[in-house]
Amino acid sequence: MYQPDQEPNHNNTTNLQQPPPSTFTTPPMNHFQQVNPFVSQQQQQQEPLDEDKYEPFYIHALKSLEAFHRLPQSEKVYTKDLDDLLRRLGETGYFCYPWTQLRELIAFRIYMIASDLYDELIQSNALPTPSNPLAIAQKALSYLQGFTQSPPFTLQRLCEILVEPLLHFKKLSTVMVMIERCLKVNSITPLQSIPLASSDSMDDS
């Protein structure tokens, strides 16, 4: 298995503004792209939305997700806007996003958590230690890749874990197991329409 010459120094999963940028510029990340090609090769052409008709949060979230999707892999960052998107999904389960783009964000977040777990194992001299973060995330990413058209029906629970991985679990190793369980299912979550703006939102615009 491939082993990098130097492991990146990842930040904590709770740091939204400065996620591990080196994670996606090192050879392990290149390997991640080859094994799990979540990034689509062609941009989807869609008709522009009449933004005033829809809830501002979802319009902003869609723009943030699209911007993340279009960035080169080495420049992708897990921002507060993206965290807010996953957090709202964890609270409501309301899925109205392009799945290819959302799946890419979920994969990014899973890899961040796996990177933090890898750092913990290195620091604790745990044996055996995985060769790189991808080895930790591989099973979850493989399950995720199987959802080609729609997310799993456990999407809401998955997002709850991704935004607050240590809220209900004491160890990141347990978090990774729970992520895998959320993805080891067959049923899917159907796509819903973007919520229309309330009268108050339209008055404020």
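Mentor: Let's start with Lys80 and Asp84, whose side chains meet in a salt bridge at 3.1 Å, N to O. Keep in mind that this is a predicted model, where local features need pLDDT of at least 70 and side-chain atom pairs count only at pLDDT 80 or more, while totals for chains, interfaces and linings use all residues. Residues are numbered from 1 along each chain as its sequence is written, and side-chain values use heavy atoms, with hydrogens and water left out.

Trainee: Why is the contact between Lys80 and Asp84 called a salt bridge?

Mentor: The term asks for a side-chain nitrogen of Lys or Arg within 4 Å of a carboxyl oxygen of Asp or Glu. Lys80 and Asp84 have 3.1 Å from N to O, so the pair qualifies.

Trainee: What separates Lys80 and Asp84 along helix 3?

Mentor: They sit four residues apart in helix 3 (residues 80-92), so about one helical turn lies between them. Helices here are DSSP runs of H or I, at least four residues, numbered from the N terminus.

Trainee: What makes Lys80 partly exposed?

Mentor: Buried means under 20% relative accessible area, exposed over 50%, and partly exposed in between (1.4 Å probe, protein chains only). Lys80 has 43%, so it falls in between. Asp84, with 23%, is partly exposed as well.

Trainee: What makes Glu51 and Lys63 a salt bridge?

Mentor: Their closest N and O atoms are 3.0 Å apart, so the pair meets the definition. Glu51 lies in the loop between helix 1 (27-35) and helix 2 (56-70), with Lys63 in helix 2, 12 residues apart. Glu51 counts as partly exposed at 37%, as does Lys63 at 46%.

Trainee: How many salt bridges does the structure hold?

Mentor: Seven.

Trainee: And what is the average pLDDT of the chain?

Mentor: The average is 80, and 73% of the residues score at least 70. Over residues 1-45, though, the pLDDT is below 50. That score is the predictor's confidence in each residue, from 0 to 100.

Technical notes
Helices (H or I, at least four residues) and strands (E, at least two) are DSSP runs, numbered from the N terminus. Contact means heavy atoms within 4.5 Å.
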